[in-house]
Amino acid sequence: MPALVLLGAQWGDEGKGKATDLLGGSVDYVVRYQGGNNAGHTVVVGDQKYALHLLPSGILSPGCTPVIGNGVVVDPSVLLSELSGLNERGVDTSKLLLSGNAHIITPYNVTVDKVTERFLGKRKIGTTGRGIGPTYADKINRVGIRVQDLYDESILTQKVEAALDVKNQILTKLYNRRAIAVDQVVEELLGYADKLAPYVADTVLVLNQALEEDKVVLFEGGQGTLLDIDHGTYPFVTSSNPTAGGACTGAGVGPTKISRVIGILKAYTTRVGAGPFPTELFDEDGEALRRIGGERGVTTGRDRRCGWFDAVIARYATRVNGLTDFFLTKLDVLTGWEQIPVCVAYEIDGRRVEELPYSQTDFHHAKPVYEMLPGWSEDISKAKSFADLPKNAQSYVKALEEMSGAPISAIGVGPGRDETIEINSFL
Ligand code: GDP
Ligand code: IMO
Ligand code: MG
């Protein structure tokens, strides 16, 4: 039965929160499968705006069970404050399920993230500073702390000792920092145990049983395809797999169960942090996209880098994720341009290249080849069907669809739940 993956097709911030929330009313489970509170997903419901970092956007739909899967890295203090913030606003969060196998972002992981970035200087990644990379590094190095470790003080102490053994050497000798005390970390982590206990579950079992019972499960990606550790613009990426395969490992569900993979695609492009970005604009058009699109990071408050739509990237996202559909967002932001450039290919050292180059050097040299599409000036925010869109907006969508390699099944014309044109049903 339907297991849908919803993920970012670009560099994140495509509007995944809004899209997930929109589907939340019709699905039984919404599952985060990777990333952590580096994500910032905005959901607008009526006059209420929510910024979610760790909780799946389905938390705002009363019928839906939100799940934090094993592939997520969890900062307990962030999770608890996000829960209490929602409770204060009248949102019931009691159905949340948290995988006992999810790894914990410890205070020393956050410290290491920050000092590493400082040490890298101008070569820094521009991380969110939330401890994401170091926590995944500990997981791969087999010195990570998992949610279930909070319930065995002796094991927790041994694991924190093992993790800090090397880290304290690095912190004191390389970065000239103070050593972190094992018992302080253990005490802080144990302090979260009772508060998290009601949510901890065997989420792999729960999700697979739900699928056997024909329940609808939606996997909500954090970040985006080009921030994927394997398929993104390495090393300027996050430390997990937001691409579709990540949903299987990060939730413990087999690939045969996934029926649909929806790529969330912004009608232009944005990026936060360092790294290559061929269509980036440094002129007043870039400024206008930032201003009209409200392109400021939900997590760090940094201005997002803005540029025109890049069809090479969209095609790549279709391929590496096996996308069945696109959800095109923020089409309304492009209203008012007489002509809209769209990048259809790259020029790399005098050659025309149609597909994303695997070589980092080539990608750094890629110059966009633009095709100009006619713009529109009519307000489209009230459009309810494709036919309501001005002809040139329709042509823009059709052109993007053709270049990107998967049908555009929904179009966002504003941040609100109802500011969406549904073309093909996702369920
Ligand atoms: P996410 O990280 O992918 O969930 O995206 P963010 O929430 O970080 O950034 C997307 C921003 O665009 C948010 O402020 C949304 O409210 C807003 N948004 C989403 N879809 C649309 C749309 O179709 N039109 C407009 N104008 N804003 C949108
Ligand atoms: P959502 O889910 C945009 C970027 C950071 C940095 C890189 C690595 O809202 O789309 P990290 O802290 O993950 O180690 O930083 O990844 N990044 C995001 N950019 N949206 C996000 O999430 C991001 N999460 C991480 O800016 O360049
Ligand atoms: Mg975001």
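Student: Which element gives the most to the shell around ligand 1?

Tutor: Helix H1 does, with three residues. Helices (H or I, at least four residues) and strands (E, at least two) are DSSP runs, numbered from the N terminus. This is a predicted model, where local features need pLDDT of at least 70, side-chain atom pairs count only at pLDDT 80 or more, and totals for chains, interfaces and linings use all residues. Residues are numbered from 1 along each chain as written, chains are lettered from A and ligands numbered from 1 in written order, and side-chain values use heavy atoms, without hydrogens and water.

Student: Which residues come nearest to ligand 1?

Tutor: A residue is near a molecule if one of its heavy atoms lies within 4 Å of it. Of the 19 residues around ligand 1, Lys16, Gly17, Gly40, Thr42 and Asp332 come nearest.

Student: Where are polar contacts with ligand 1?

Tutor: Such a contact is a pair of N or O atoms within 3.5 Å; within protein, one must be able to donate a hydrogen and the other to accept it, and residues adjacent in sequence count only if both atoms are side-chain atoms. Oxygen atoms of ligand 1 lie 2.8 Å from a polar backbone atom of glycine 40, 2.9 Å from a polar side-chain atom of arginine 304, and 3.2 Å from a backbone N or O atom of glycine 412.

Student: How much of ligand 1 does the protein cover?

Tutor: Accessible areas come from the Shrake-Rupley method with a 1.4 Å probe. Ligand 1 has 580 Å² on its own, and the protein covers 93% of that.
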